[in-house]
Amino acid sequence: MTYHKLLERQLRRFFGSVERLPPDLKPFLAAVNDAYRAADEDRLLIERSLELMSQELTERNDQLRTELAERRVAELALLREKAEQEALIQQLEETHSQLLQSEKMASLGQLAAGLAHEINSPVGYVNSNLGTLRSYVMDLLKLIDGYEAEEAGLSEEARRRIAAIREQVDLAMLRDDALSLTEESHEGLRRVRAIIRDLMDFSHTGDGQWQRADLHKGLDSTLNIVSNEVKYVADVVREYGELPEVECLPSQLNQVFLNMLINAAQASHGKRGTITVRTGRAGGDQVFVEIADNGEGIPPENLKRIFDPFFTTKPVGKGTGLGLAISYGIITRHRGRIEVRSQPGEGTTFRISLPVKQT
Amino acid sequence: MKVDQKVWTVADGWQVAEQRGAGPGAQLVLLFGARAQLQEPAALQQVRTWFPEAILLGCSTAGEICGTQVRDGSLVATAVRFESTRVRLARTHVEGMEQSYTAGTTLAQALSEPGLSHILVLSDGLKVNGTELVRGLRAALPEAVVVTGGLAGDGPDFQHTLVCGNDTPAEGQIAAVGFYGDRLHIGFGSLGGWDAFGPERLITRSKSNVLYELDGRSALELYKQYLGEHAAGLPAAALRFPLALRSEKEGHGLVRTVLGINEQEQSMTFAGDVPEGSYARLMKANFDRLIDGAAGAARSGLDRLGDFQPELAVLISCVGRKLVLKQRVEEEVEGVREVLGPKPVLTGFYSYGEICPNGAVTQCELHNQTMTITALSES
C-alpha cells in the first residue's frame, strides 16, 4: 500500500520504517490513509471551486461594469435627445405665439383699414366743407362790414332795428369767435387725419417706393429729429456694425426707429439713461438693428400686449398706443421680425431683423 | 409499540441489534439493504419466517443505518409490532418518469380510508421523478395526512434501484404503507446544512427534471469545470455540488442532486424538477453544518411529537452527504441519537431523494441532500 506522504513521514518518524509495521495495524492505517487523501481531495476541490468562482465573479463584475458604462452612454444620449426636444418644443411655442400674433395683427389690420377708409371720406368732405365754410364766413363778415359802413345812410327806424338784431346776435363776439372756431375744427380734423394715416400705415395701406438704402443714414437722421426729446433724458451710444444696403421702404423704417427711440427716451422715467443703438449682420442675408435702453423695463404681463393697437401705458394725450403696432406692421411688411427682451428695472431691448433683399 | 432489529451480512450472517419484543406478531418490517443483499432470496426468506404476518417494506440503498452505525453491504431488518395502529400496503409500478404523478395519485387513492394518519413511501430512485410523485400523492390526500419517505439508492453507482413491498424487490416499483389509528404519533423534520456559493445562475433550458443550460451555457460543462479531475466520477461526483433552487413558485430552500448525465444531449437528470426561469446556485459541503443539520432535523421531529417519546426513528439521508462525509458519516447519526436520546431504535438508509413536508404540515416536498427523520410513538 502506498501511504499519503504525510502519513508515510509520520509512520517513519514514529515507527522507524513503514515496512516494519505490525500487520494487524494495516486496516487501521488504511482507514487513516483514506481519511488523509479524502481531506486532501476535499481541500483541492474547494480551492479549485474558490478559484473558478472568483474567476466567474470577476467576469460578471466586468460584464456589469461594461453594461453600466453602456447604460451611462445611452442615458447621456437620452438626456441630449431630451434637451433637443425641449429646445424644439420651446421653438414651437415661440413660433406658435408669433403665428397667433401675426393672425391677430392681420385681422386688426383689416379692421383698421376698413375703419380708416370709412372715416377717411366723411373726414375728407368735412375738411373740404370746413374750408369753404370759413371762406363763406369771411365773405359774410366782409359783407357785414360793408353794410355797417353804409348804416349811417339808413333811416332812424331802420338803424334801430339793425342795432336790436346786432345786440341779439352779439355780432362782436361772433366776429371774434367764428374764425377761431374754424381754426380749432381744422386742428381737430388734422389730428383725426393723422390717426387715420397712422392706422393706414399700420394696416399696410400706405404706399412708398422700395429702394436700397443705408440704414445707418436713416438711423442718424431719425436721431436728429428726436434729439430734442432725447438729449435731456439719455445719452445715445451708437454701436454700428457693417451693414449692406437694405431693400426697404426707408421712410417707414425711419418711422419705426422714431417710435422705438421715443419709447426708449420715455422709459428712463426721471433718471438719466443710456440708449444704445446697435446694428450688424445676423447671419445669412439678414441684418439687425437693436435699440436698447436701461430704463424701467416692461412688466411681464404687458410684454404680450405691447404690439396691440391702442395699448399704451403712457398718460392720456402722451401716446396713442399705435406706435409699436404700426412698427410691427411695417417690419412684417418687410418680411422681418421684431423681438423684445425686457427685464423690469434693468431695461428693454428691441431687436429688428430684416432681410437684405425682398425677393 | 415493540421493535426488533436484526442485521445480515454475507460474512457474519444474521446478528441481533435490538430485541424489544416485537416477535412473530410484528405487522411491519422495514428492510434496508445494499442492492446485492436485498436480492439475496435466503435472507428475505428468513425474514418472512421470523415475521409471517408482517408487511415487508424495503428498498436498496446507498448505505444502511442501524442504530448509530452506517453500514455498506448489509441488510437491516426492523420489525415493528403496533398495539393499536393498523398498517396497509399499496404498491404500483412505473415504466418511465412521466408516470410518476399518476403513480402518486394511485397510491394515495389505494390507501385513503378512514383513520389514515400517515404514509411512509419508498420509491425507485432512478426511474421516478420524485417531485411529480409527491405532487400526485399530495393531490389525492386529505390535508392532515403527512407523507414521508425516500427514493431507493444504489450505492454510488446510479445503475439500478429496487423497492420491495411484500414481494421480490424490483426496479420501477413504488411501495407505500398507510398508518391508521389515532394513537400513533409521528414527528418529522428535514434539514440540509449545505452552503450555496458563487453566482446565482438562471435556468435557461430544462425540461421537467432534466437540466440542459444555466445562463445559456451547458450545465454539464459547468459541473465538469468545477469537478476537474473528479469529472470522471460523474454522475456520483456531481453530488459534491448540489444545486440550490430559488423560484417564486417553489419558494426557496429546495436542493436538487444529480441522478444521471447524458453526454450526447449534454444534459443532467436531477431527482426532482429544475424549472426553467428558476435561479440555481452551486452548493458545497460544510461538515459541521451537515452534522448540525441532522441534529436539527431530529429536534424538529421531536418538537412535533410534543410529550410523546419516540420509539422508532426512520432516518433517510442523502447519498451526497455520505459521499462527502465519508468516514465521518456516522457523526450525523450520532448527532440524531444525542437529540432523540437512547430510547428510540434507529433505522434508515442513504437515499437518492428524501420526502418530507417542509415547514407547513401539508406542503410535502422532495428534498435532496437532507437528513429526513420520521419519529414514531404510540400512546
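What percentage of the 379 residues of chain B count as buried? Select chain B to start: 57% of its residues count as buried, meaning that 20 or more other C-beta atoms, placed from the backbone, lie within 10 Å of the residue's own.

A word on the model: it is predicted, local features need pLDDT of at least 70, side-chain atom pairs count only at pLDDT 80 or more, and totals for chains, interfaces and linings use all residues. Residues are numbered from 1 along each chain as its sequence is written, while chains are lettered from A and ligands numbered from 1 in the order in which they are written.

Now colour chain B by secondary structure: you have eight helices and 26 strands, taken as DSSP runs (helices H or I, at least four residues; strands E, at least two) and numbered from the N terminus.

Next, select residues 287–305 and 330–340 of chain B, which are helix 6 and helix 8. Their axes (lines fitted to C-alpha atoms over the stretch in contact, with angles from 0 to 180 degrees between N-to-C directions) come within 8 Å and cross at roughly 30 degrees. That makes the two helices roughly parallel, a label for angles under 35 degrees.

Show side chains at this contact (C-beta atoms, placed from the backbone, within 7 Å). Helix 6 brings residues including Leu290(B), Ala294(B) and Arg299(B), and helix 8 brings residues including Glu331(B), Gly335(B) and Val339(B).

Finally, bring in chain A: its contact with chain B takes 13 residues from chain A and 11 residues from chain B.

Technical notes: Parallel < 35°, antiparallel > 145°, perpendicular 65-115°, else oblique. Contact = placed C-beta atoms within 7 Å. Buried ≥ 20, exposed ≤ 12 C-beta atoms within 10 Å, placed from the backbone.
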